[in-house]
Amino acid sequence: MSKTTKKKQTPTAKGKRKPVRRKSALKPKSPVVAEGAGDTAATMELPPAPFDGAKSTIPEVLPVLPVRGSVMFPGTIVPLGVGRPASRKMLDESLPKSKIIALFSQKDEEVEDPSVDDLHTVGTAAMVLKLIRQPDDNISLIVHGLGRITLEEVTQTKPYFKARVKTPTERSGSGKKFDAEVSQLRDQANDLIDLSPSAPEQATTVMMNIDDPGTLADFLGANLALDVEQKQDLLEELNIAKRVRMVHVHLSSQLEILRLQEKIQEDVQSSIGETQRRFYLREQIKAIQKELGEDDTGADHTVSKLEERLEEADPPDKVKDEATRELERLRMIPPASPEYSVITTYLELIADLPWNKASKDNLDLQRARKTLDRDHYGLDKVKRRLIEYLAVRKLNPEGRGPILCLVGPPGVGKTSLGQSIADSLGREFARISLGGIRDEAEVRGHRRTYIGAMPGRIIQELRRAGTNNPVMMLDEVDKLGSDFRGDPSSALLEVLDPRQNNAFVDRYLDVPFDLSQVIFIATANYIGNVPPALRDRMEIIDLPGYTDPDKLIIARRYLVPRQVKENGLTPARCKWLSSGIKKVIENYTREAGVRELERQIGSVCRGVAAQVAGANNGRKRHKAATIDDDYVRDMLGPEKYIRDLDTRTHLPGVALGMAYTPFGGEVLFIEATKYPGKGNVTLTGQIGDVMKESASAALSLFKSRADDLGYDVTQLAELDLHIHVPAGAVPKDGPSAGTAMYTAITSLLLDIPVKQKLAMTGEITLRGKVLPIGGVKEKTLAASRAGVKTILLPARNEPDMEEVDAQVKKKCRFHFVENVDQVLKLALGKINKRKK
């Protein structure tokens, strides 16, 4: 018995994992149960012993032993580990009277103290053949399954279960079809045993000695690598024909898996053998060709092709010398060596790079200007700079390419301008997105010593462009990052330096490449995020946001025709009026660029397309649509943005400031209120430290000038002030809101409202001076878009008016102030001193 227990008869396997191992994996790690653990079973496949009803009659009432992680089948002999105190007590009290017990599997093997509801209702009556007590008080049993039983009624629950059981009647199969199924099941089991390398030798003999189909199905079900629920389904099936078919399905599935695994193993061995055979034959061919003097093998042919391509590329002498050395190494290395492919890839890169290939510049200045005007409206400064470059190029063909940096808010056309520049010059265009790049190797490349090394993005784009003088756009240069892998912005210093980039060395290429003919155009939303050393190497060109009239022209010339075409419409079917475009600009967008404007125009065009196609439910089918302001509101819904300057600034304590952000200019409402308190000041609106200091300086300045304004400063000791900058979810900082904060505090405490549609900007000092600020162009554009009519600027910013848009100058009145007295006079009017 012990010998048979150790060597299990296993007719099935899954790959190299035998059913015994798989079952063990679904059960507790040790068959000996520790104190407090549940009962476990590890199936031990032995020859089935038929149940002799005459010798072993199953009593009507049996003690119940819950089993988890396994299912006991009739005719099998298995070991059980018993560790629960209730189960040990049951064995101690029941076995002296009868060796037959009832085994029922748990529905959930994780339950430590199962109730009757936790047990399946179909189990197996088993005879205890042997009991072994372990040193740790656990008990090991060897039991023999006698027959199926069903749990009819629980007669005892404490200290262990007793139940009235019944032996169910099984329905046997008959007929030729049933006989064929049993025969096929037996054949498949034999095949499974043959495919299992570690199956017991007597497994086939045992199976062939089983004549009864039901017993055969139970024997195979006990030994197949099935989970508990699948085995329980087999145990509960009383129709032998159905049980045979269920086992047949599981057996076929595992047999198919074994056959596939065997085929994979054969393919792998065949592949290894074929590789060795090819290597041996290749070496023989080399030896024969060497004797015959024929050296043009496959590897030599590859080297010859590379040599031809390198001659065609005609790189500089230094590069050619390096390539020649690598070619000599390649001839000495066998093709099977990993180094062979590395050198081949490197030489292919050298052969593909455009060492002497350049596009011919279009030096027709008028044609270049027309091309730029065709694609972009405005941007005169950029266009003028490119025309100047072409003029210099015409006079000095050997001049270096410019390195420009276009700075402006999103949506003003920085990225698309690069393609237009390339078209106007007749050059190839390459774009590199630098946003989020943190690895220096993205720019300089990886050394070839690393697995999977690649050249940097600069060299890769030159290879794709096919010329050594493309227009190369470095997009989002202000969003470069840095970490432990290096600083990409530092790697760009050499690329963007006209004095150095004629000998740029990529780490993968490891030879110099001339970048001096490349026109580099960087883009950024905020130049402050660009490192100073990198900023110093570029010519900064500011691209301001567009005014409403500019947006109207851009929409009519570019955006509307493009969206009409993309949505399958024609100008006749979708006619946009100026009133409709103005409605979108004023009430559905608030941006410096035109990206959101194009999205909203596209949304209206899609609605028109749905109407034209008759796909818009609830609307009549139209052949054409005229887009006016009412039509826009009908398609886009309620207005998203309403210009409410008058309603928000008519009360004392509210002033309108101006700010500059990476996304363009903005107007800020500075609100102040007072209430009884102890002289405290509260600042809200997610403002930064510099802005908080401006608020403190504004309050101190008011206190120092309170007498001149006719205000009793002692009243502040009984008041608390609250200064708030709305749009609290948006961070704000900077000193330029000083004049607006001082004006808001003064307006509140003197109870004088600020004049309507008036905005201001400027830093203040404790002596009342107004200092200059930056971003005048962007701030004035934002104020103009918001409907401001009067703008107060520091006197020292008057020279910056040259950069202010002409339409803004025409629309707004500008006043230049040197101190806060002038600010109050313009913002509040004449101040009547109150009696103290």
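Are Y346 and Y508 buried or exposed? Both Y346 and Y508 are buried, where buried means under 20% relative accessible area, exposed means over 50%, and partly exposed lies in between, with a 1.4 Å probe and protein chains only. The model is predicted, so local features need pLDDT of at least 70 and side-chain atom pairs count only at pLDDT 80 or more, while totals for chains, interfaces and linings use all residues. Residues are numbered from 1 along each chain as its sequence is written, and side-chain values use heavy atoms, with hydrogens and water left out.

## Aromatic pairs

A pair of aromatic rings is described by the distance of the centres and the angle of the planes. A search of the whole structure finds three aromatic pairs; rings of Phe, Tyr and Trp (its six-membered ring) pair if their centres lie within 6.5 Å, and planes under 30 degrees apart count as stacked, over 60 as edge-to-face and the rest as tilted. Two of the pairs are set out here.

| Pair | Centre to centre | Angle between planes | Kind |
|---|---|---|---|
| Y346 and Y508 | 6.1 Å | 65° | edge-to-face |
| W355 and F513 | 4.9 Å | 50° | tilted |

Y346 belongs to helix α11 (residues 338–352) and Y508 to the loop between β11 (504–505) and β12 (512–513), so their pair ties together parts that are 162 residues apart in sequence. Helices (H or I, at least four residues) and strands (E, at least two) are DSSP runs, numbered from the N terminus. W355 lies in the loop between α11 and α12 and F513 in strand β12, so this pair ties together parts that are 158 residues apart in sequence. W355 is buried because its relative accessible area is 9%, and F513 is buried too, at 2% relative accessibility.

## Helix α12

Helix α12 (residues 365–375) has A368, T371 and L372 as its buried residues. Seen down the axis of α12, these residues fall within an arc of 95°, so they line one face of the helix; the arc is that of the directions from the helix axis to the C-beta atoms. An α-helix has 3.6 residues a turn, so residues three or four places apart point the same way. On the other side of α12, Q366 and K370 are exposed. The buried residues of α12 pack against α13 (380–395) and α14 (414–425), where contact means heavy atoms within 4.5 Å.

## Nonpolar cores

In soluble globular proteins, nonpolar side chains tend to be buried together. The largest nonpolar core in this model has 51 residues, and those with the most contacts inside it are I458, L474, V477, L492 and L509; such a core is a set of buried Ala, Val, Leu, Ile, Met, Phe, Trp, Tyr and Cys residues joined through side-chain atoms within 4.5 Å. Its largest share, seven residues, comes from α11. Apart from this core lies another, of 50 residues, among them V560, V594, I627 and Y631. When neighbours within four places in sequence are left aside, the contacts of V477 include C405, L434, L492 and T523.

C405 is part of strand β8 (residues 403–407), in which five of five residues are buried. Both faces of β8 are covered, with I403, C405 and V407 on one side and L404 and L406 on the other. Two strands pair if DSSP finds at least two bridges between them. Strand β8 runs parallel to strand β13 (residues 519–524), to which five bridges join it, and also parallel to strand β14 (residues 539–542), through four bridges. L406 has T523 as its bridge partner in β13, and L406 stands opposite I541 in β14.

## Backbone details

The peptide bond from K158 to P159 is cis, with omega near -5°, and P159 is found in the loop between β6 (139–156) and β7 (162–166). D137, although not a glycine, has a positive phi of about 75°; D137 lies in the loop between β5 (122–133) and β6 and is exposed, with a relative accessible area of 54%.
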